[in-house]
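Please look over the sequence and the structure shown here before reading on. The report that follows takes up salt bridges, a cavity and a sheet.

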Amino acid sequence: MTNSSRLPGSHPSGIKGPPKCEKCGATLRLESGICVSCLLCEGIEAGVSSAAFESVMAEVDVPDTHWHLGNYEILDEIGRGGMGVIYRARQRHSQRIVAVKRVLSYQADSHETIARFRREADTVASLDHPNILPIYEVSESEAGNPLFSMKCATGGSLHHASSSLRNDPRKCVELMAKVARAVEYAHSRGILHRDLKPGNILLDESGEPFVSDFGLAKWLNANTDLTKSLTSFGTAGYIAPEQAQGAAAHLTSAADVYSLGAILFELLTDRPPFVGDNPLSVIRQASETPAPKLRSLAHSLDRDLETICAHCLERDPKARYQSAGALATDLERWLDRKPIIARPVSPPARVWRWSRRNPKLVATGVAGLLVGAAAIWLFRSELLRTPAFNPPEKSIAVLPFLDLSQAKDQEYFCDGISEEILDALSKVDGLRVTGRRSSFSFKGTGMAASEVGKRLNVQNVLEGSLRRDGNHIRVTAELSDTRNGFHLWSQTYERELAGVFAVQDEITRSIVDALKLKLAGGLPAQTQHNTEIYDLYLQGLYFSNKSNEEDLRRALDFFQRAVAQDPTFARAWTGIAKVWYFLADVYVRPLDAYPASREAALKAIALDRKDAEAHCYLSEATRVLDWDLAGADAELKRAMELDPNSAPAHLFAGLHPLFRGELKDGLQLILEAEKLDPVSPITSYVTTAAYLANNRYDDAINEGQRTLQLDPNYFYLDSILAAAYREKGNFPEAIALYTKAQEATRLPSSGLAITYARMGRENDAKNILSQLSQARETRYVSAPLIAAVSIALGDKEGAFHELERAYAEHSGVLQWVAFLPEFRALHSDARFPQLLQRINASQETILKITDTTLSETTDPKAQSHFTLKVGIRQRPGTPDGHAVKIIVSFYDLSKDNKLMPTNAQVGYRWLTSVSEWKYGAPRFLEATYVRPKIPMPSPEGRRYGGFIVRAYFDGRLQDSRANPSELSTLFPAEN
Amino acid sequence: MNTQVCEEDAGAPRQFATTRWSLILSASHSEDGEQKAREALNLLCRTYWRPVFSFVRRRGYSMEDAQDLTQDFFVKILEPGWLRHADPDRGRFRSLLSKSLQNFLINAAERAHTRKHGGDVKFVCWDDWMAEAPSQLSMSAQAVDSLPPERLFDLRWAATVVEHSLRRLREECESKGKRRLFHALSSYLTAERDEVSFARLSAELGIAESAVIRQLFNLRQRYRSLLRDEVAQTVADPAEVDDEIRYLCTALAAGAE
């Protein structure tokens, strides 16, 4: 109906101008077609007052309903902002209440506006995060305005909710931690928000935050003409100084971090960091003066919060948290009452403040009794964090006993007693005991036992105290139930020092009784018999967590002696598998080590089918010896079925996405592994690598330091912490660490060579390279390490040569080249993807099954009626016209619980269409399984058994889901 | 500070509350007054930035440069120095703005060099301004290409006045829950009686035809008040309102080539 006016620079497509107005002859019209001149001329005549106007208007009853825009019935206007108007609307077909944003063009050239708008829609729609406002649909109104619908956040914005949150700092921090994680996610997708403010954080009914209005989002890397010139956007009060000054091309995630800090500041103090009469003065202040201290405005808040805010609001972007994730981590640590990473005055290096205790036992005389000289180190510590408090049956944590002696010099003794008791308890079959480091970390916190128990997820807590006067000691011990705080048992012992060992036995036995465990033959005899072998095992376990060859071989020795005495000791076989696994690729040729690991793992499984950890090592052997990622996956699945809390299973499982290039997913899984076993150095080591792969240098550095806290000599293959320093550009730290690593591993450090190469010290780098080559003559040197040095020296040919060698040797490290930064220079070379193909580190799938929800319907006509809803997502950017096929098959269970196929199978086929799936939203399908009611029940007694969903793209299997999982193995896909 | 809409009939002796422009002109000396004046100026700029932008574009600058320059211009306007130079004799906001803009662009070339060095802090709520006042005009392409920038400025100015008044009218209707009424009737504000199908409107709105006629007339009258008030905000003396309206009408008529 109307034509947009075109200004110079763009030409209309042959459309003539609007007709002249009949009344006045002017040609200028509004969107609705009214002549502007006529409208203007109206003003010559008199009008009417607002009171009169309103009273006349009130005479009629014309309710505001049924205003439609596109597929939506507009209910009310929620607000205006950014590029358009936001309404609350009802979607025509689904009747769902949504928010609809309508773009209002601001300039005559609507093509650019629409293009910019589509960019916004694409951007936000590709983000998929629980705390980012999801976009449902992009469409156009009849008038041609683009509009999109999104979730309607009914809780209003943070702008309005802030006053009610002020009195609850914890809630503020919780909320902002979620927001920061959401922003981190967007950053990881290359998207900056650039206009974070309370008005852009919407809340739903339950107070859950959603970040919205990525209207100013800008791809970090893209640099189109349109976006390049957009300079000072953002809202005064929350905009980072460098952003206000127009540095649009160089903005980093630190700008968003500033905004997050400003928002948090306001939530806690009722005003933004800077206030002023007008936006200009606010921004000037923000650029020229340091942000006010949080506590100067809100005295009751603690220093850590002040530090966090200050760290966000630093004027120098490099001085802030370098990622929204780092901010989120600190907020989460604050919530957990852990020390935060940020320091009030920024130091050159960050120190892990968590726990600095020396793990060695110091208790005199006590140590020698029950176990060998080695400290006890349980491989699996039970630090599960379950949402509902549901501790495993028969689980206990032993807290360090309190030193009540006068001189308070008995700490070592108290700790010793506690540790001994802990150790003795851990030998008891059927009892889960929290690892020493975890339970001892609560020492001195003054936390109530039941609270500690909840955090450690144990059913019972043992605490006690000790008082020593010369040779006389008094020990009290108390056992309580975490769930209700009841004291199950308590006792006091008065003994002479010489009798302290008997006291330990007595306490242990009492506890066991109190926990109602029955041990055949009583405690002493049983443990006496097994103690020696178990002792060997425990020592093996201790050394198996080390990273140097000598200790690993010691571990191997201990384990082998254990199985020599008791060949049925399954766990010791697993230990052997573990040590060979860790020796492989680093100290021992893969083709020697992996088969040995596999053999031991198979022995362990033969003795104990339920050994999850053995399956983990089996999985790795499959991956490396057979180059079979899929097979390895299956083994890990089995491991997780057997033990959902298996840390090694999660750790290895996290590596697979990394091999395939799914860096974020991999990191996610590895972080879960870390939750399951926070005190494992190898997990921390791999976590460091995962952060590094994701370019999260600060996180990598923090994690790498944590590894060294756990074990100061943990360098293993090559110090990843040093690599993080190096990637960040901090060469001195990198060199220092690599030098240390060289001493520990007694091998020239390839990372050091790479650092030298980066610094331009080519000769030094070449020196190390030749040393490495020489070392090959006497010992195994991992080929990818040498390849990495070659790359740093610019020798791609040499690098590929080494990688070929690695392939021939079956180096398990080879698949790591898929994500380690040292190998990025090879990505563009055609040989690289070919290599990845051969080692089966394949690319991201095109189709993904997002979810499968099974629901049962009550159907009077059917014996059973199930509906399966399947979500399929297509990778954004997939071109048109490819064949998608989804096959859903249902299975039955026979009378004797055998899974059997049925003819309830359905296929969906369609061709990919860019417009339909552009925004990456999943498509949902349904399949039904109906077993009709029949007069006579079938002789086979069949009933519903399960389903398999398989997604094919151009005939290639992309993804599958099966429930129960064994269906996939029983009924494999035909090709 | 709030705008006062003329509460009496336009025919009665005008007892205008202070218009924005007169406030700006008169109050640049006291500190308190200066603050209020700046707020008033801010409001005016937010309404009338589009003519400025059109002018700059018409002068041949690219989209990006035009945005930059418009922003720069307003930053300059909003600085205290400019207010002090606002000479009462220069009369109307529109003309003063136009002249300032022309002067500003003369020096624009030199300024372009210094601008990029990040010395000054820039800040303009571009998107907010745009969202507040969406505008879609239709003009013939030849007209746009052939009109001199000053003419285009006036055209745009006139359109802004009209659009802004309509927006206020809509808001007043919406605040009373009569948005639908507004949408149904606003297209007919200038229509002659026989151009309107009252029967259809009556059916659409569910009210009697006579009610439609009455409501339309009401809306029209209110619109007039708002329009006059809008114009009044940009002149120093209430007596100039009619003159200014006529000036703008002339500008539009002249644009009709």
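## Salt bridges

A salt bridge is a side-chain nitrogen of Lys or Arg within 4 Å of a carboxyl oxygen of Asp or Glu. This is a predicted model, in which local features need pLDDT of at least 70 and side-chain atom pairs count only at pLDDT 80 or more, whereas totals for chains, interfaces and linings use all residues. Residues are numbered from 1 along each chain as its sequence is written, chains are lettered from A and ligands numbered from 1 in the order in which they are written, and side-chain values use heavy atoms, with hydrogens and water left out.

Over all chains, the structure holds 47 salt bridges. One of them joins the side chains of Glu550(A) and Arg746(A), at 3.1 Å from N to O; because Glu550(A) lies in helix 19 (residues 549-565) of chain A and Arg746(A) in the loop between helix 29 (731-745) and helix 30 of chain A, the pair ties together parts that are 196 residues apart in sequence. Helices (H or I, at least four residues) and strands (E, at least two) are DSSP runs, numbered from the N terminus. Glu550(A) is partly exposed at 46% relative accessible area, while Arg746(A), at 64%, counts as exposed; here buried means under 20% relative accessible area, exposed over 50%, and partly exposed in between (1.4 Å probe, protein chains only).

## A pair within helix 19

Asp551(A) and Arg554(A) also form a salt bridge, with their closest N and O atoms 2.7 Å apart. The two residues are 3 residues apart in helix 19 of chain A, and are therefore separated by about one helical turn. Asp551(A) is buried, with 12% relative accessibility, whereas Arg554(A) is partly exposed at 36%.

## The largest cavity

The largest cavity is lined by 33 residues, and those nearest its centre are Tyr685(A), Tyr716(A), Leu717(A), Val813(A) and Trp816(A). A cavity is defined on a 1 Å grid over the protein atoms alone, as a set of points where a 1.4 Å probe fits but cannot get out, and lining residues have an atom within 4 Å of a point. Among the helices of chain A that each supply at least two residues of this lining are helix 20 (570-583), helix 26 (681-693) and helix 32 (783-792).

## A sheet in chain A

In chain A, 3 strands form an open antiparallel sheet in the order 17-18-21, where two strands pair if DSSP finds at least two bridges between them. Its edge strands, strand 17 (847-856) and strand 21 (923-932), each pair on one side only. Strand 17 is joined to strand 18 (residues 862-874) by 9 bridges, and Leu847(A) has Gln874(A) of strand 18 as its bridge partner.

How values were computed
On a 1 Å grid over the protein atoms alone, a cavity is a set of points where a 1.4 Å probe fits but cannot get out, and a pocket is an open set with protein on both sides within 12 Å along at least five of seven lines; lining residues have an atom within 4 Å of a point.
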